[in-house]
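Dear colleague,

Please find below the structure that I am handing over to you, together with its sequence. My findings follow directly after it.

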Amino acid sequence: MKPSLAKGTRDFTAQEVYRRKYIINTLQKNFELFGFQPLETPSFENLSTLTGKYGEEGDRLIFKILNSGDFLDKISKEELSTINYQPLTKKISEKALRYDLTVPFARFVAMNHGQLTFPFKRYQIQPVWRADRPQKGRFREFYQCDADVVGSESLWQEVELVQLYLKSFKELQIPVKIHINNRKILSGLAEFANISEQLIDFTVALDKLDKIGKDGVMKELQEKNISDEAIEKLSFLFDNKSQAEVLEILKTNFANVEIGKNGVEELEFVLENCKNLGIEDGLVFNITLARGLDYYTGAIFEVKAQGVEMGSIGGGGRYNNLTEVFGVKNIPGIGISFGLDRIYLVMEELNLFPQNSERKIEYLFANYGEKEASEAMKILAKLRDKGVAAEIYPENTKLKKQFTYAEKKGIENLIFLGEQEISEGNITIKNLISGEQKTLSQENFLSL
């Protein structure tokens, strides 16, 4: 059998793992600086926990897990022959791999709200799975790095999360723009155009503007039976107007639309306070930003890297009603996510990884035989106690082979500890980059 990978998954080499850790460590440090605490949840949840939270398109992308044993045992022939797979799915699959980290977090809060201190701030860095079509920057298994706050309706949370985004990407040296909108504005637009019952169809289509363009969005709206009159009312969304012009149009259109007014007020609060903090240049009001997840109720964010062709590398928003589906009301929340895998691709393309992001092995001890190896092991133990990465070549073989091993692993220093060095209490170090070779006492070497 020829080995292969499942589509949308990857192996990671040592260099890739080190670089991913560099990103994760940067994010983790900043999460904790902003007061977030770590949380981990299981890789799979009850299917009922996940379904109905992501919209129709999202539900189709959930990886279902077949029940253990004979999962068809209680299924009749009539049920097996049905064309509608959805009722059958619930009977043969009770669990599923998590689609994101937000819904499992909401489930955790609903189960533990009596023991939590609110506002509760958590960060989570774990893999998620989506049965999506693999392409550049889009995988079926990928990591999300989330920061969420629940138990507060304060708009200062939005401002803080913008700061968290900008600080983290500045440290990673990725130039970004944070696109911001508000789902209340989108609900207001739907009410203004008399299509409130088709809000989801409207927002899902609008969210695809970057991918399919104005004509593609118009076509999808028509296919969803949204009237030409409604599309005409919303046509200003596709005009190339400034942020100030769009806000003025919204205020006019929302004269009698309360939810739309509230959305504009919330948006202006965030924009104004980011301006007061001197970070307004990193923020862009994007009226067409919708984000296709059903659970957002207020501010929504999407982060785009500058100077590189890539989808969003972060996103999130406010979801004041999410825990209600688990029977717990009045716990508002807001959160953002960093897309680790896309961030990696951006940094790789822009050559942003620092040289010291990898843990280098500093020394390789040549193996001359059992006696010499035994002495080398004693020195290796002392080096490792000092936090120095070092190893010994495992076999007593030709030095040429040991040299080649060191060069291929990028080890710069080869240490010779033969009979003479042992008898004199010395070691000999050869720098494989410069070719320089020197002998010094073991005591001096260990004090370097």
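Lys208 is partly exposed, with a relative accessible area of 21%. In this predicted model, Lys208 forms a salt bridge with Glu220, and the closest N and O atoms of the two are 3.2 Å apart. The bridge links distant parts of the chain, 12 residues apart: Lys208 belongs to the loop between α9 (199–206) and α10, while Glu220 belongs to helix α10 (residues 209–223). Glu220 has a relative accessible area of 12% and is therefore buried, since buried means under 20%.

Other salt bridges

The structure holds 18 salt bridges. Side chains of opposite charge can pair when their charged atoms come close.

One of these pairs is Arg122 with Asp148, whose closest N and O atoms are 2.6 Å apart. Arg122 is part of strand β5 (residues 120–129) and Asp148 part of strand β6 (residues 141–150), so this pair ties together parts that are 26 residues apart in sequence. Both Arg122 and Asp148 are buried.

Another salt bridge is found between Lys167 and Glu171, with 2.5 Å between the closest N and O atoms. These two residues are separated by about one helical turn, because they are four residues apart in helix α7 (residues 156–171). Lys167 is partly exposed at a relative accessible area of 30%, and Glu171 is partly exposed at 27%.

Buried faces of helices

Which residues of helix α12 (residues 243–253) are buried? They are Val246, Leu247, Leu250 and Asn253. Viewed down the axis of α12, the buried residues fall within an arc of 130°, so they line one face of the helix. Ala244 and Thr252, on the other side of α12, are exposed. The elements against which the buried residues of α12 pack are α8 (183–192), α13 (258–276) and β8 (283–285).

In α9, the buried residues include Phe202, Thr203, Val204, Ala205 and Leu206. Among the elements that cover the buried residues of α9 are α3 (55–60), α8 and α10.

Ile279 is located in the loop between α13 and β8. With a relative accessibility of 19%, Ile279 counts as buried. Leaving aside residues up to four places away in sequence, Ile279 touches Val162, Gln163, Leu166 and Cys274. Although Ile279 and Gln163 are 116 residues apart along the chain, their C-alpha atoms are separated by 7.8 Å.

Cysteines

How many disulfides does a search of the whole structure find? The search finds zero. Cys274, one of the residues touched by Ile279, is buried with a relative accessible area of 0%. Cys145 likewise counts as buried, at 0% relative accessibility.

A nonpolar surface patch

Leu66, Phe71, Leu72 and Leu80 form a nonpolar patch on the surface, and together they have about 320 Å² of accessible area. Leu66 sits in the loop between β3 (64–65) and α4 (77–80). The relative accessibility of Leu66 is 46%, which means that this residue counts as partly exposed.

Backbone geometry

Most residues other than glycine have a negative phi, and most peptide bonds are trans.

The peptide bond that joins Phe118 and Pro119 is cis, with an omega of about -5°. Pro119 lies in the loop between α6 (102–112) and β5.

Asn330, a residue other than glycine, has a positive phi near 60°. Asn330 is in the loop between β10 (314–318) and β11 (333–339), and it is exposed, with a relative accessible area of 72%.

Asn351 is not a glycine either, yet its phi is positive, at about 55°. With a relative accessible area of 68%, Asn351 is exposed.

With kind regards

Key:
Residues are numbered from 1 along each chain as its sequence is written. This is a predicted model: local features need pLDDT of at least 70, side-chain atom pairs count only at pLDDT 80 or more; totals for chains, interfaces and linings use all residues. Side-chain values use heavy atoms; hydrogens and water are left out. Patches are made of residues with over 30% relative accessible area and no salt bridge: like charges are joined within 9 Å, nonpolar side chains (Val, Leu, Ile, Met, Phe, Trp, Tyr) within 5 Å. Accessible areas come from the Shrake-Rupley method with a 1.4 Å probe; for residues, only the protein chains shown count as cover. A salt bridge is a side-chain nitrogen of Lys or Arg within 4 Å of a carboxyl oxygen of Asp or Glu. Buried means under 20% relative accessible area, exposed over 50%, partly exposed in between (1.4 Å probe, protein chains only). The arc is that of the directions from the helix axis to the C-beta atoms. Contact means heavy atoms within 4.5 Å. A disulfide is a pair of cysteine sulfur atoms within 2.5 Å.
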